[in-house]
Amino acid sequence: MNGRVYLVGAGPGDPGLMSVRSLELIAIADAIFYDRLIPPGALAGARPDAELVYVGKQPGVPSVPQEEIGQRLVEAGREGKSVVRLKGGDPFVFGRGGEEGEALREAGVEFEVVPGITAGVAATAYAGIPVTHRDDASAVAFVTGHEDPEKPESALDWEALARFPGTLVFYMGVKRLAENAAALIEAGRDPEEPAAAIERGTMAGQRTVEATLGTIAEAVDREQVKAPALIVVGQVARRREQLGWLERRPLHGRRVVVTRARAQASGLARTLRELGADVVELPAIRIEPRTDSQEVRDAMTRLGDYSLLCLTSPNGVRLLFEAMQEAGQDARALAGATVAAIGPGTARALAERGIVADVIPERFVAEALVEALAEVEVEGKQVLVARAAEARDVLPDALRERGAKVDVVPLYESEVDRAQEADYVTFTSSSTVTNLLEALGDRFPKNARIVSIGPVTSETARAAGLEVAVEAGEHDINGLLDALLADAS
Ligand code: SAH
């Protein structure tokens with residue numbers, strides 16, 4: 001029996017704006033084909049054995065052609081799978097969901113469309129710009145600014161847009177902004193009309209630049225606004241003065257590290273987010289593929305040199321094969337290597353790709369894999385460890401000790417990378433100090449100010465060689481928040 005393909009909108013970026021239906025489908029999917037512009041952690045609820053396939057664009061890498069995506073969805077559907085095609089915003093608003101639906105219908109594969117909150121209403125709302133307003137705008141138009149170089153030019157009717165009695169919202173509008181604004185003015189739209197650019201709307205780094213139609217291109221250039229960004233042209237843009245809310249929050253634009261795993265800490269994370277902070281919770285559970293890094297690409301050119309290959313998760317296996325495919329390699333590149341899998345799920349993922357693992361430990365932890373590898377000759381040999389960027393170094397260290405030359409290839413990154421740029425690290429107890437140090441190893445953020453809940457915690461931090469910048473006056477979560485806010489203001 002055929003499966004079903006779900007064309008699912010993941011919303012504009014804030015994970016809280018994903019629909020209940022989208023989360024439900026992600027949780028049951030056999031396979032998820034996803035784009036770059038999906039919210040952080042959107043795939044966290046996927047089944048551990050779900051196939052996660054990245055089909056978005058990567059700078060400098062030719063993207064998977066649209067027909068091929070359609071084809072892969074059709075194939076997966078025909079295999080009887082439940083397939084989620086996850087896209088940023090809404091799948092039918094500049095999302096090419098229509099084309100995918102057509103390909104599926106043509107092939108007789110059943111589909112369902114799950115709308116998402118489109119950036120045109122979400123980023124604007126988060127910027128405090130109502131796209132319609134009784135006094136200002138009775139209509140709104142979503143327009144493509146055609147920043148996508150792959151799209152053939154389809155000339156917009158600038159006369160009609162200039163006359164349009166309402167708000168114009170341009171998607172993909174940054175690159176061609178100067179030409180587009182000039183064309184609108186040329187066609188008769190008032191250069192004094194309020195305008196705004198909203199960068200990374202609804203996300204932690206949201207930024208809004210205000211100007212007029214006549215000056216917006218220059219402002220965007222000066223402020224170096226980058227995609228994803230929307231351009232809004234209309235009287236409603238000036239309502240932001242009254243209605244802006246997100247960017248006014250006291251910790252907006254600040255990144256704060258919180259140690260996960262205690263009920264108390266998650267309450268802290270929530271409150272910090274409510275105050276506008278970009279919160280990094282560690283140790284993390286978020287998985288973010290990053291098969292496009294130089295490290296990974298380099299390793300893919302040397303696959304034949306490795307005599308031992310260690311895989312520490314089913315996701316790692318999938319991403320390794322994706323990276324291999326992108327590099328024009330196939331399973332034969334691994335022909336000479338001994339392959340070790342950390343557990344049966346990883347071994348299964350390998351088996352699905354025609355590779356039988358040589359080594360599988362009884363317990364699924366790095367230490368057990370180290371033991372299981374005791375018999376394998378590694379001295380002077382090249383070893384590839386493919387895993388999450390934040391994983392502990394137990395395995396590579398043990399192999400190096402035995403004289404192996406180990407390449408650790410991080411196939412997916414997590415919050416550790418984001419933590420590097422943190423403005424604050426919070427410690428709510430001595431154990432959070434030790435846990436965080438273990439999670440981060442030598443990658444403790446260099447420039448973050450450390451906020452401690454009280455003298456005992458501060459002492460533990462200092463003993464670990466950290467400098468405490470702020471200590472709470474009241475030794476509880478509220479006291480810590482007050483101290484952080486005072487320091488940030
Ligand atoms: N299907 C998506 C749009 C995809 S086109 C949707 O419904 O939202 C990609 C363009 O959408 C970007 O170039 C940008 O103009 C806009 N966009 C997507 N997410 C955005 C965000 N978080 N903030 C601002 N603009 C965004």
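Which residues does S430 touch, not counting residues up to four places away in sequence? Before the answer, a few words on the model are needed. This is a predicted model, in which local features need pLDDT of at least 70 and side-chain atom pairs count only at pLDDT 80 or more, while totals for chains, interfaces and linings use all residues. Residues are numbered from 1 along each chain as its sequence is written, and side-chain values use heavy atoms, with hydrogens and water left out.

S430 touches V456, T457 and T460, once residues up to four places away in sequence are set aside; contact here means heavy atoms within 4.5 Å. S430 is found in helix α16, which covers residues 430-440. Helices (H or I, at least four residues) and strands (E, at least two) are DSSP runs, numbered from the N terminus. From S430 to E459 there are 29 residues in sequence and 8.3 Å in space, C-alpha to C-alpha. With a relative accessible area of 23%, S430 is partly exposed. Buried means under 20% relative accessible area, exposed means over 50%, and partly exposed lies in between (1.4 Å probe, protein chains only).

A27 touches G45 and R47, not counting residues up to four places away in sequence. A27 and P48 are 21 residues apart in sequence, and their C-alpha atoms are 9.6 Å apart in space.

The next topic is the ligand. There are 19 residues around the ligand, and V93, T118, M172, G201 and A229 come nearest; a residue is near a molecule if one of its heavy atoms lies within 4 Å of it. By class, this shell has 12 nonpolar, 4 polar and 3 charged residues. In this sorting, Ala, Val, Leu, Ile, Met, Phe, Trp, Tyr, Cys and Pro count as nonpolar, Asp, Glu, Lys and Arg as charged, and the others, Gly among them, as polar. Helix α4 (119-127) and strand β10 (229-233) each supply at least two residues of the shell.

Some distances between the ligand and the backbone can also be given. A nitrogen atom of the ligand lies 2.9 Å from a backbone N or O atom of P12. For G88, a polar backbone atom is 3.0 Å from a nitrogen atom of the ligand. For M172, a polar backbone atom is 2.7 Å from an oxygen atom of the ligand. The ligand taken alone exposes 540 Å², and the protein buries 92% of that; accessible areas come from the Shrake-Rupley method with a 1.4 Å probe, and for residues only the protein chains shown count as cover.

M172 is placed in the loop between β7 (167-171) and α6. Its phi is positive, about 50°, although M172 is not a glycine. R96, in the loop between β4 and α3, is also a residue other than glycine with a positive phi, near 60°. R96 is partly exposed, with a relative accessible area of 34%.

Helix α3 covers residues 97-106, and its buried residues are G97, E100, G101 and L104. Seen down the axis of α3, these buried residues fall within an arc of 100°, so they line one face of the helix; the arc is that of the directions from the helix axis to the C-beta atoms. On the other side of α3, E102 and E106 are exposed. The cover over the buried residues of α3 includes β1 (4-9), α2 (66-78), β4 (82-87) and β5 (110-114). Just after α3, G108 takes a positive phi of about 75°.

T208 has its place in strand β9, residues 207-212. Is T208 buried or exposed? T208 is buried, with a relative accessible area of 10%. Its side chain makes a polar contact with the side chain of E247 at 2.6 Å. A polar contact is a pair of N or O atoms within 3.5 Å; within protein, one must be able to donate a hydrogen and the other to accept it, and residues adjacent in sequence count only if both atoms are side-chain atoms. Leaving aside neighbours within four places in sequence, T208 is in contact with A127, A196, A197, I198, R240 and E247.
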